[in-house]
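Biologist: Hi! Could you walk me through this one? I'd like to start with the helices.

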Amino acid sequence: MTIEAHHKVLIVGGGTAGISVAARLRRHGIQDIGLVEPSATHYYQPLWTLVGGGRATAAASARSQRSVLPKGVSWIRDRVEAVDPGEHTVTTADGRTIGYDRLVVCPGIQLDWNRVPGMAQAVTAPHTSSNYTYELAPKTWDLIRSMRSGTAVFTMPSGPIKCGGAPQKIAYLAADHWREQGVLKDIRVVLVLPTPGMFGVPVFAEELERVVARYGIEVRRNSELVEVDPDGRDAVIVDHTSGARDSLRFDMMHLVPPQSAPDWLKETPLADPADPAGYVDIDKHTLRHVRHPDVFALGDAGSSPNSKTGAAIRKQAPVVARNLTASLASTEPPPASYDGYSSCPITTSRHSMLLAEFDYTMRHRPTLPLIDTTHERRDMWYVKRYGLPFLYWNLMLRGRA
């Protein structure tokens with residue numbers, strides 16, 4: 001085996017997690033950092049819900065990868081296909097072998113369209129869309145604004161997904177638009193949730209119950225889409241409590257696919273052997289691999305049981321940066337700890353939002369003093385649309401927030 005390059009720190013993935021932790025490592029004085037990322041475009045994915053809801057443009061979510069890469073970080077424009085933690089190497093799609101002293105794994109999450117029969121075909125059909133890709137989010141808005149009557153179905157899969165509130169957010173944005181247009185009374189809105197409640201934290205679940213009641217949304221709890229016929233516009237929903245299957249004919253459907261770690265990652269020694277989803281097996285507080293101490297992970301591909309959001313990454317990145325830097329100096333135990341903090345800005349209308357903040361305890365954990373974010377607020381809408389994107393591009397990706 002010929003090692004063609006070697007870096008003190010090698011980062012797999014140039015999304016939110018990879019860029020954020022690279023910036024923080026540079027601020028810790030680490031000089032030799034390589035980052036493997038195949039895409040030339042970097043996306044602020046939280047904006048895609050607003051694109052689908054007609055409240056933002058897709059172009060506003062995209063910038064060149066080069067423009068967000070921290071100075072002094074070597075960009076390896078390739079895709080990782082294998083990791084050998086014993087040899088301290090990764091192998092890329094073009095056959096290169098790259099060595100490392102420390103590895104940070106954050107390739108993001110995989111959209112498993114083929115796990116639901118018919119879903120991969122349905123998502124490209126005329127009456128279905130998904131805000132989970134840059135290309136499809138504008139189509140969601142086209143479907144919403146052209147609808148005047150019929151049945152609209154919004155689905156959510158079981159298991160971890162990125163931005164767990166997104167399947168609900170687009171339903172509320174759509175319903176509010178139809179209300180403004182005076183056609184909501186002619187549209188049956190069905191929200192399919194795999195969970196028994198609207199949200200895992202009671203105070204937010206109660207508020208969302210009021211939201212769905214206001215719009216007259218029919219919520220199918222403990223339920224999941226298990227099959228879709230795009231040509232017949234037929235969705236098969238199973239109730240996991242009773243096992244009953246129901247067939248819904250739809251005029252419009254927003255799909256959210258099941259998700260997992262990338263397939264290549266599942267095949268590596270880094271994956272959690274007890275989890276078929278293949279996430280990197282890390283300590284949930286130190287974010288260090290439980291068997292390979294030279295490996296760290298953060299973001300959507302990590303096994304830590306937090307909600308997979310950008311807000312979680314914002315709290316994880318400084319922990320990884322501190323603990324990795326300490327490990328290079330042989331400092332034990334790792335000095336920093338992640339408490340599972342995450343937040344989910346849930347748009348409840350085209351002009352309002354609530355901010356769900358919580359940690360591993362699944363209790364409300366507010367960070368904004370003197371502001372009650374457990375209820376819908378108009379000022380929080382401006383935070384979502386303008387404040388958070390500014391924070392992302394100007395502070396978070398630069399290791400300053």
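**Helices, a sheet and a valine**

Modeller: Happy to! In this predicted model, helix α6 (residues 166-181) and helix α7 (residues 202-215) have axes that come within 10 Å and cross at roughly 35 degrees.

Biologist: Which hand is the crossing of α6 and α7, left or right?

Modeller: The crossing is left-handed.

Biologist: And which residues make the contact?

Modeller: From α6 there are Gln168, Tyr172, Ala175, Asp176 and Arg179, and α7 brings Leu208, Val211, Val212 and Tyr215. Sorted by class, that contact has six nonpolar residues, two charged and one polar.

Biologist: Which strands does α6 lie across?

Modeller: α6 lies across β11 (150-155), β12 and β17 (252-254), and runs at about 155 degrees to β11.

Biologist: What's the strand order in the open sheet?

Modeller: The five strands go β10-β17-β11-β12-β13, with parallel pairing. At the edges are β10 (128-129) and β13 (218-220), each pairing on one side only.

Biologist: How many bridges join β12 to β13?

Modeller: Three, between β13 and strand β12 (residues 187-192). Leu191, for instance, has Val219 in β13 as its bridge partner.

Biologist: New topic: Val21. Is Val21 buried or exposed?

Modeller: Val21 is in helix α1 (residues 16-27). Its relative accessible area is 0%, so Val21 counts as buried, the cut-off being under 20%.

Biologist: What does Val21 touch?

Modeller: Leaving out residues up to four places away in sequence, Val21 touches Ile11, Val104, Leu298, Ala317, Val320 and Ala321. Also, Val21 and Phe296 are 275 residues apart along the chain, with their C-alpha atoms separated by 11 Å.

Methods: Residues are numbered from 1 along each chain as its sequence is written. This is a predicted model: local features need pLDDT of at least 70, side-chain atom pairs count only at pLDDT 80 or more; totals for chains, interfaces and linings use all residues. Side-chain values use heavy atoms; hydrogens and water are left out. Axes are lines fitted to C-alpha atoms, for helices over the stretch in contact, and angles run from 0 to 180 degrees between N-to-C directions. Helices (H or I, at least four residues) and strands (E, at least two) are DSSP runs, numbered from the N terminus. A crossing is left-handed if the near helix is turned anticlockwise from the far one by less than a right angle, and right-handed if clockwise. Contact means heavy atoms within 4.5 Å. Ala, Val, Leu, Ile, Met, Phe, Trp, Tyr, Cys and Pro count as nonpolar, Asp, Glu, Lys and Arg as charged, and the others, Gly among them, as polar. Buried means under 20% relative accessible area, exposed over 50%, partly exposed in between (1.4 Å probe, protein chains only). Two strands pair if DSSP finds at least two bridges between them.
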